[in-house]
Structures are given as structure tokens and as C-alpha cells.
Amino acid sequence: MALTLYVDTARWRAHHKHVLEQFPGLVPVCKGNGYGFGHERLAEEATRLGSDILAVGTTYEAARIKDWFSGDLLVLTPFRRGEEPVPLPDRVIRSVSSVDGVHGLVGARVVIEVMSSMKRHGVTEQDLPQLAHAIQDVRLEGFAIHLPLDRTDGSDAVEEVIGWMDRLRAARLPLHTMFVSHLKAEELARLQQQFPQTRFRARIGTRLWLGDHEATEYRGAVLDVTRVAKGDRFGYRQQKAASDGWLVVVAGGTSHGVGLEAPKALHGVMPRAKGVARAGLATVNRNLAPYVWSGKQRWFAEPPHMQVSILFVPSDAAEPKVGEELVAHLRHTTTQFDRLVDR
């Protein structure tokens with residue numbers, strides 16, 4: 001009895017092929033929990049796509065993935081002096097976001113990140129004169145720019161990249177390769193047309209692995225079902241049942257990521273109102289579970305346990321049976337499944 005990730009493999013891979021056609025030379029990203037699929041599986045899929053390079057989040061991830069992927073590995077987290085040294089092969093490329101970082105990687109293969117409107121990290125225009133000298137001591141694989149997802153000020157992503165291309169060119173820095181993130185296919189095509197001597201490579205994770213929502217589905221197996229009457233006490237905290245129904249023990253708990261949710265940026269009145277309503281219900285121990293039964297998302301009977309969750313299903317719904325599976329709406333990047341089934 002498990003929390004299972006079902007994958008419509010043919011459909012999933014067809015989507016990968018479609019994204020690759022839109023973004024020639026794309027760099028697949030495999031970081032964190034492997035977008036819910038795991039590092040080993042995504043390394044296998046990147047190899048299947050014919051990728052010569054795979055982007056990972058940290059040096060620790062690179063150390064694990066190096067045995068599963070034979071091509072180059074691009075570490076996205078920028079190098080910092082004093083970081084713990086991790087033994088890595090020469091095919092690992094480090095991201096750098098400062099002139100000092102370049103000086104600290106003499107002889108290494110590097111990609112230099114420039115400061116975008118994200119304002120997260122990157123070299124600035126003022127750094128470029130010093131950078132021209134510093135790159136003589138490293139093997140420069142290219143520059144990179146990480147762009148925001150939303151552009152609420154109406155600015156143009158392509159124009160932002162062009163601005164940096166012009167600055168780098170004016171500083172007489174090599175522009176053979178530019179790694180980009182969060183561009184549309186048509187935006188990438190515009191850049192490639194304007195700068196034919198530069199190879200633009202899109203680093204893509206979410207759109208590649210999770211872009212077709214119908215290709216994957218989480219399901220939790222029902223482990224136990226217990227009938228309760230209104231007023232019956234149950235669970236760790238011995239709360240009272242609000243009405244007649246069933247307590248349904250289903251696979252999937254906090255160790256799987258069930259009940260954990262990353263903060264979301266809310267836009268508009270309705271989403272904000274729903275957020276306020278959910279917060280109000282939570283203060284009286286009413287929390288909506290990700291599990292669906294009889295066409296409705298059900299409520300947690302109490303907070304999820306480590307490996308299971310207990311749901312309350314009212315008596316006006318069909319009784320779940322042990323061994324049946326409930327669809328679970330879970331976020332891939334925060335979920336750890338028990339098993340993955342290709343179908």
C-alpha cells in the first residue's frame with residue numbers, strides 16, 4: 001500500500017520531444033527532488049533526449065548524478081569562496097556570479113551569471129572591466145541570465161537580454177554561448193536571429209518535466225476505513241467527529257510532502273479571498289486534504305501523520321474500500337513517492 005506516481009510514459013516523452021523541438025539545444029534541469037521524479041530517472045530521460053549537458057542545483061547533486069549521466073553537468077548555484085569542497089570530475093561546469101568567484105576557480109570550466117531584473121545574483125555592468133582580465137585564468141563556457149517569470153512592469157524579456165549582449169560585446173567579452181531561463185520559444189528565436197554568432201541555450205526544468213499535467217497522477221492507497229458516529233472521539237488529539245461518516249487512512253504523510261505547501265503569490269481579489277477563507281478554516285482545525293473521493297476534495301480528519309493521512313468522508317458519500325486508490329493533487333517539487341509506475 002503506497003503513495004504512487006503514475007506516469008503515462010508515451011505522453012510524457014512526447015511532451016519532452018515537443019519542448020525540445022521548440023528549444024533546440026535546451027539544457028534539461030534536474031535539481032531538488034528531481035521535479036518529483038528523482039535524479040536518476042531524469043538523468044535517464046535527459047540521456048534519452050540526447051542532451052550533452054544536464055543542469056543541477058548544487059555540487060552535492062552533481063556528485064550524486066555524475067554516475068547516472070555521462071555528459072557535462074552544470075551546477076546552477078554560484079561558487080562561493082570557503083564552500084565545502086566536493087570531489088567532482090572535470091566535466092562539471094561551475095556557475096559564477098562575481099569577479100571574486102572567477103578568481104577562485106582558476107583552471108575550472110565556468111559559466112558567468114549576469115545580474116538580471118531578478119536581482120538575485122550576478123555580475124554587474126561595473127564588474128565587466130575586471131571580468132575581462134579575470135576570465136583569462138578560467139575556461140569560459142559562456143554567460144547566463146536568469147529572468148523573472150512575471151514582468152508586471154510591461155518590460156520585454158528579449159530587450160533585457162539584448163541589453164546584456166550589448167554590454168558584454170562592448171566590454172569585448174566572448175559571446176559564443178548564452179544560457180537563458182524563462183524565455184518563450186518565439187523570444188528565443190528572436191534572439192537567435194539577432195545574434196546568429198551566439199548559441200542560445202535555454203535551461204528548462206518545470207516546462208520540460210511538468211508541462212503536461214495530464215501525463216502524471218499521484219494516487220494514495222486506502223489502508224483502513226473505520227465508521228464513526230457524530231460525537232465519537234478519534235485520533236492523536238481525541239477530537240470529536242462532527243457528523244456520521246468514515247475515517248479513511250490513506251498512504252501519504254508528511255514524509256511524502258503531504259500537508260506541506262510552499263507560499264504562493266496571489267494575484268486578484270478572488271484568489272486572495274480564498275486564501276483568507278482557508279486560513280480562517282485552519283484556525284478551527286478545518287484543513288482541506290489533497291485527496292479526492294467521489295468527485296470531491298476531502299478534509300483532513302486531523303493533521304497528516306508521518307506516512308499516512310486520516311481523512312473524514314461523510315456518510316452521504318460512498319464508503320471507500322481498503323485497497324482502492326484516491327487521486328491526490330500534490331506539488332511535484334515537494335512530494336516524495338513510494339513508487340513510480342509507468343503505464
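Residues are numbered from 1 along each chain as its sequence is written. Because the model is predicted, local features need pLDDT of at least 70, side-chain atom pairs count only at pLDDT 80 or more, and totals for chains, interfaces and linings use all residues, while side-chain values use heavy atoms, with hydrogens and water left out.

Confidence comes first. The mean pLDDT (the predictor's confidence in each residue, from 0 to 100) is 93 for the protein, and 92% of its residues reach 70 or more. Residues 272-284 are another story: the pLDDT there is below 50, and beyond near neighbours in sequence the stretch has 4 contacts in the model (a contact means heavy atoms within 4.5 Å). Where pLDDT is low, the predicted coordinates should not be read in detail.

Next comes the sheet. Helices (H or I, at least four residues) and strands (E, at least two) are DSSP runs, numbered from the N terminus, and two strands pair if DSSP finds at least two bridges between them. Here 8 strands form an open sheet with parallel pairing, in the order 2-9-8-7-6-5-4-3. Strand 2 (27-28) and strand 3 (53-56) sit at the edges, each pairing on one side only.

Strand 7 (residues 139-146) pairs with strand 6 (residues 109-114) in the parallel sense over 6 bridges. Across this pair, Val111 stands opposite Gly142, and Arg109 stands opposite Arg139. Strand 7 also runs parallel to strand 8 (residues 177-181), joined to it by 4 bridges, with Phe179 in strand 8 as the bridge partner of Ala144. Strand 7 is mostly covered, since 6 of its 8 residues are buried; buried means under 20% relative accessible area, exposed over 50%, and partly exposed in between (1.4 Å probe, protein chains only).

The links between these strands go through helices. Strand 6, helix 5 (residues 128-134) and strand 7 make a right-handed β-α-β unit. From strand 7, the chain then crosses through helix 6 (residues 157-170) to strand 8, and this β-α-β crossover is right-handed too. A crossover is right-handed if, with the strands pointing away from the viewer, the path from the first strand over the helix to the second runs clockwise.

Now for the charged side chains. A salt bridge is a side-chain nitrogen of Lys or Arg within 4 Å of a carboxyl oxygen of Asp or Glu, and the count by this rule comes to 22. In one of them, Arg41 meets Asp342, with the closest N and O atoms 2.8 Å apart. That pair links distant parts of the chain: Arg41 is in helix 2 (residues 39-48) and Asp342 in strand 18 (residues 339-342), 301 residues apart. Arg41 counts as buried because its relative accessibility is 12%, whereas Asp342, at 39%, counts as partly exposed.

Another salt bridge joins Arg201 and Asp52 (2.8 Å, N to O). Arg201 lies in strand 9 (residues 199-204) and Asp52 in the loop between helix 2 and strand 3, so the pair ties together parts 149 residues apart in sequence. Arg201, at 6% relative accessibility, counts as buried, while Asp52, at 41%, counts as partly exposed.

Arg109 turns up again in a salt bridge with Asp72 (2.9 Å, N to O). Asp72 lies in strand 4 (residues 72-75) and Arg109 in strand 6, so this pair ties together parts 37 residues apart in sequence.
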